[in-house]
Amino acid sequence: MSAPQRARSLTVGLIGTGRVGSVLAAALAAAGHRTVAATGGSPDSLDRAARLLPGVPLLPADEVAARAELVLVAVPDDVLGPLVAGLAELGAWRPGQLVVHTSGAHGAAVLAPAARAGARTLAMHPAMTFTGYAADLDRLAGTSFGVTTAHPDAARALVAELGGEPVEIAEADRPLYHAGLVVGANYLVTLVNEAADLVARAGVDEPGRVL
């Protein structure tokens, strides 16, 4: 894999001011890009925007896309496809725009409506648990990003600026990749909790120490 070239400074729009999107937008700003707009309306999203994206206006998704050269879409898996298609119907996507989503379950195909409008599209999933606080910015260093795209140079450059390591995942292998992460993260927590409960029922006061 060739060394990535530094991307030029881009205007960034964030659709989805959750824990992942807010941190990544802040990290892109720290790397020299400029976040110009974001969506957000819930109390939690307003709080995250105030902490991580101070001064960034909160606007409807189509206005966010219209203002940005790089649109970061960080929404739940089941919302992603309809959102991208709906924005395409509104004419929000344009040629040359870089449209990035952070879903682990989806590859780049879900961004096809944006690609048909001429945008460069990529799936870029950070394999990390996010708290939505500034401490996450340092934790991005060395994090693997599952990348699926027809534009690998752009993906490598963005991941490098975030301090991460790109891991290329084929479109057809994306569900398998996502399943592996779910098993490794969610199921492991469940297993540890069950083990602690069994040890506690055996009369151990501090099951965590035993385990």
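Predicted model: local features only at pLDDT ≥ 70, side-chain atom pairs only at ≥ 80, totals over all residues.
Which residues of strand 1 point one way, and which the other way? Thr 11, Gly 13 and Ile 15 point one way, while Val 12 and Leu 14 point the other way. Both sets are buried.

## The chain as a whole

The chain holds nine helices and seven strands. Its C-alpha atoms fill a box of roughly 65 × 35 × 35 Å along the principal axes. How does the radius of gyration fit a compact globule? For 211 residues such a globule would have a value near 17 Å, and the chain has 19 Å, which agrees.

Buried residues make up 44% of the 211 residues. The accessible surface comes to about 10400 Å². Carbon and sulfur atoms account for 57% of that surface. Now take the contacts between residues at least 6 apart in sequence: 57% of them join residues at least 24 apart.

Charges come next. The chain has 15 positive and 20 negative side chains. The centres of these two sets lie 6 Å apart.

## Parallel strands

Strand 1 covers residues 11-15, and five of its five residues are buried. It runs parallel to strand 2 (residues 34-38), with four bridges joining them. Strand 1 is also joined to strand 3 by four bridges, again in parallel. Strand 3 then pairs with strand 4 in the parallel sense over four bridges.

Single residues let you trace these pairings. The table lists bridge partners.

| Residue | Bridge partner | Strand of the partner |
|---|---|---|
| Leu 14 | Ala 38 | strand 2 |
| Leu 14 | Leu 72 | strand 3 |
| Leu 72 | Val 100 | strand 4 |

Follow Leu 72 into strand 3. Leu 70 and Leu 72 point one way from this strand. Val 71 and Val 73 point the other way. All four are buried.

## Helix 7

Is helix 7 enclosed or open? Helix 7 spans residues 152-161, and seven of its ten residues are buried, so the rest of the structure largely encloses it. The buried residues are Ala 154, Ala 155, Arg 156, Ala 157, Leu 158, Val 159 and Glu 161. Note that Arg 156 and Glu 161 are on this list.

What do these buried residues pack against? Their partners are helix 1 (19-30), strand 3 (70-73), strand 4 (98-101), strand 5 (120-126), strand 6 (144-149) and strand 7 (165-168). After helix 7 comes Gly 163, with a positive phi near 85 degrees.

Thr 102 sits in the loop between strand 4 and helix 5 (112-116). Is Thr 102 buried or exposed? Its relative accessible area is 9%, so Thr 102 is buried; the cut-off for buried is under 20%. Beyond its neighbours within four places in sequence, Thr 102 is in contact with Val 20, Leu 24, Leu 72, Val 73, Ala 74, Met 124, His 125 and Pro 126.

Leu 24 belongs to helix 1. With 0% relative accessibility, Leu 24 counts as buried. Setting aside neighbours within four places in sequence, its contacts are Leu 72, Thr 102, Pro 126, Phe 130, Leu 140, Phe 145 and Leu 162.

How far apart are Leu 24 and Met 124? In sequence they are 100 residues apart; in space, C-alpha to C-alpha, they are 11 Å apart.

Technical notes. Residues numbered from 1 in each chain as written. Heavy atoms only, no water. Helix = DSSP H or I, 4+ residues; strand = E, 2+ residues; numbered from the N terminus. Rg over C-alpha atoms; globule rule 2.2 N^0.38 Å. Buried < 20%, exposed > 50% of the residue type's maximum accessible area, 1.4 Å probe, protein only. Contact = heavy atoms within 4.5 Å. Areas by Shrake-Rupley, 256 points an atom, 1.4 Å probe, with all protein chains shown as cover. Lys, Arg positive; Asp, Glu negative; His and termini not counted. Charge placed at Lys NZ, Arg CZ, Asp CG, Glu CD. Pairing = 2+ DSSP bridges.
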